[in-house]
Amino acid sequence: MQRGAIKEFFKKYYRNNANSIEEPTRIEAREFGFMLFDKNVMVRHLSFKNGSKLRDYVKETTPAHAYYSSAYYANPSAPTMDEKGWLGADLVFDIDVDHIETPCKKDHDKWRCLNCGFSGVGMSPSKCPHCGSEKIERKMWICDLCIEAAKDEALKVCDILLDELGFSSKDLYLVFSGHRGFHIHVEEEKVIKMDQDARREIVDYLLGIGLDLNTLGYFRRKVILDIDLREHGWRGRVARGLYDVLLNCSEELLKRIGLRSREVKYILDNKDKILSDIERIPSNWLTLSKISAKSLKRLIDYAVKLVACKVDERVTIDVKRLIRLPGTLHGKTGFKVLRLSYSELDSFNISDAFVFDTGIHVIVKSQDFPKKVANYMFSKRKGLEKVPLPIGIYLIGNSKDIEVIKIE
Amino acid sequence: MISLSNESKPLKFYDLVKYPFTKEALEFFKSKDLTLKDLETDVGKRILKRSYERIHEAISQRKVTTNLSEDSEIEILSFPITLLLLSLLENKSLIYRYAVAESKRVGELLKEEDLLKLVWIARHTFEWSVRLVNEELSEGSWVLIHFIDYISHIPQSSLEWKLVNRRLAKGYVLIRKSELARVIEEAVKKYIVRKCNERLPVIDVPNTVIVFIEKISREWSKYSNDFKNVRAVLGSAQEDVYPPCIRKILNELRSGKNLPHAARFALATFLLNIGMSVDEVVNLFKASPDFNERIARYQVEHLAGLRGSRVKYSPYKCSNMRSLGLCVDLNGEVCKGIHHPLQYYSRMIGGVIRAKRSD
């Protein structure tokens with residue numbers, strides 16, 4: 001059983017469950033695209049009049065991946081953008097655990113430099129620390145801890161959308177992407193017409209790009225921070241981030257941030273006093289005035305990085321992008337692309353996206369199993385392992401090095 | 001004082017002369033039911049002449065002056081006719097030049113108005129959600145504007161306007177009256193650009209109009225010819241006038257770094273836009289570790305508008321370069337006031353051209 005067999009499982013699933021494919025709002029104005037199992041190209045520029053036509057198509061073709069446009073078009077099936085006639089687009093945010101450093105990555109992720117052979121476990125660097133080459137081969141998996149980290153990020157984004165940008169929880173929904181994270185969709189009338197510049201402003205707001213220290217109440221020379229921990233928006237967020245950095249800091253971290261030894265010692269010796277002053281109403285930062293302006297700026301920059309949302313800016317800025325269709329299956333994992341309301345996010349569990357019978361087992365063989373994938377802990381590092389079907393499909397869908405011996 | 005909740009109209013007919021883009025002014029224009037034929041009458045010719053003056057002043061002085069000595073009706077009607085002339089000319093850079101000049105005129109006048117008039121225009125012409133912080137205040141007071149209306153109309157070149165540096169609660173941004181005037185100015189600019197780029201139905205243009213169009217076209221080509229041969233003038237020194245972000249990408253490419261897609265796009269489109277040929281650009285990309293001549297040529301030709309949609313692509317503007325992590329001057333120290341890499345280039349070579357002329 002390899003990729004061909006996955007197609008058979010998908011086919012059977014769609015035959016009985018095509019109804020769980022939800023058509024997007026205003027389906028007639030959307031473009032659809034599909035990746036098929038046997039061809040390595042995207043079939044694009046498709047459109048459907050209604051949900052049942054869409055479901056029939058999926059049932060008939062059994063795609064490996066299914067996408068639709070976040071944009072609305074006058075002629076969604078036209079071959080060029082000019083002819084399509086862009087009318088607007090939903091506002092979409094993409095959270096991908098690839099970009100989030102999680103401790104569980106050392107249990108399931110590996111990388112190897114194709115240039116010099118240097119290798120490591122955990123989050124892969126963008127270039128080889130040994131030879132500097134960017135040709136890096138990565139073996140990456142997700143586990144339930146990754147999903148928890150992505151959930152935290154998604155909640156962070158949602159909180160900003162609700163509290164600061166003023167959307168209501170009815171205006172937005174989330175989608176588990178079927179693999180490494182979540183998409184957040186906002187389908188409110190006012191956002192649809194927004195151009196790329198406006199969307200970029202929103203992304204920059206989430207990422208903290210362009211944040212100007214002066215507006216935070218940071219003054220040169222005399223180091224005075226005039227921010228309260230409880231304030232709304234970026235000022236409060238930075239204050240809380242700075243508080244967390246100081247609360248959890250170690251000598252090693254402060255040095256890495258770039259503080260001088262004298263300053264590191266001062267912070268560590270006076271930590272309690274500094275923190276209790278910050279907790280006062282309003283917050284008092286004067287205890288930090290022993291720190292040079294340059295070092296304080298470094299501390300703030302570090303705090304900003306910590307509290308900034310980790311969304312992929314390209315997905316939000318691009319108003320002509322195709323995005324996964326809820327209710328379909330992800331061709332590399334076999335997990336269901338699952339639509340969730342804001343209130344459902346917190347209780348989401350990776351096994352909610354399993355669609356294949358966990359009573360069926362697959363015996364897989366590998367020279368090098370990860371410690372853990374999804375919610376499954378491996379009992380050995382290599383050889384044969386008997387895993388439930390959803391895990392089996394994820395293993396062979398996502399890696400060429402794992403083969404199936406038997407299904408039982 | 002006028003209470004806004006009564007929705008009594010703060011705009012007088014005289015205001016329409018100053019603000020011919022408002023809903024009220026356009027309704028007045030529509031009520032006149034002008035046809036192209038009417039432009040050949042004496043009144044029509046006066047309107048056309050005033051429209052021509054608006055564009056002429058934008059070309060030669062980069063500004064438009066409100067003409068209060070002109071008949072008010074002519075002054076109001078000349079605005080939509082100006083937009084008509086520009087759409088017939090179909091020249092994007094001229095449209096932009098005019099939009100900037102005309103909106104600047106509006107912005108300066110708006111700053112002198114009272115807050116209620118601004119709020120009225122924001123609500124009625126642009127349909128924004130704007131709230132007064134305190135119904136009783138007018139001078140020097142603040143307003144709340146919905147963040148989407150705000151971010152859709154902010155100047156792109158400076159950090160202070162960015163949403164991230166604003167106080168934002170429950171979807172509303174707090175701004176000053178003078179800032180509201182600036183945001184409306186930006187909205188007027190965008191309105192003009194959008195209107196002038198709309199495709200017109202095929203129409204029979206009367207000779208009187210054609211005469212003006214040709215006149216404008218001649219004037220504009222005189223101003224826009226200067227930059228054409230600058231690459232030849234610069235010779236080997238030309239990379240010194242590239243913006244720092246592009247220079248960095250170029251250096252990385254030459255050092256054999258495997259560039260991400262966005263960096264390749266930014267570099268290739270920049271070079272094509274300053275007049276490099278497809279061959280020259282493809283040659284540069286030979287340094288890339290994954291270079292494949294066939295694919296590279298295809299992609300560069302696509303960006304140059306020789307394939308597919310026939311659209312010639314422009315590099316990302318600065319704000320997008322920033323978001324994509326390609327900007328190297330985040331504090332705007334080298335690129336003060338610049339909002340597009342090509343703008344940096346044209347500013348730099350402007351200096352070169354002037355130096356050359358004085359040789």
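Asp277(A) lies in helix α11 of chain A; helices (H or I, at least four residues) are DSSP runs numbered from the N terminus. Asp277(A) counts as buried because its relative accessibility is 5%. Buried means under 20% relative accessible area and exposed over 50%, with partly exposed in between (1.4 Å probe, protein chains only). Beyond its neighbours within four places in sequence, Asp277(A) is in contact (heavy atoms within 4.5 Å) with Ser283(A), Asn284(A) and Thr287(A). The model is predicted: local features need pLDDT of at least 70, side-chain atom pairs count only at pLDDT 80 or more, and totals for chains, interfaces and linings use all residues. Residues are numbered from 1 along each chain as its sequence is written, chains are lettered from A in the order in which they are written, and side-chain values use heavy atoms, leaving out hydrogens and water.

Helix α10 of chain A spans residues 261-269, and its buried residues are Glu263(A), Val264(A), Tyr266(A) and Ile267(A). They sit on the same side of α10(A), because they cover an arc of only 160° around the axis. The arc is taken over directions from the helix axis to the C-beta atoms. Ser261(A), Lys265(A) and Asp269(A) are exposed on the other side. The buried residues of α10(A) pack against α8 (233-248), α9 (251-257), α11 (271-279) and α12 (293-307) of chain A.

In chain B, the axes of α5 (residues 92-111) and α8 (residues 177-197) come within 8 Å and cross at roughly 150°. Axes are lines fitted to C-alpha atoms, for helices over the stretch in contact; angles run from 0 to 180 degrees between N-to-C directions. α5(B) is therefore roughly antiparallel to α8(B), a term for angles over 145 degrees.

Terms used:
Helix = DSSP H or I, 4+ residues; strand = E, 2+ residues; numbered from the N terminus. Parallel < 35°, antiparallel > 145°, perpendicular 65-115°, else oblique.
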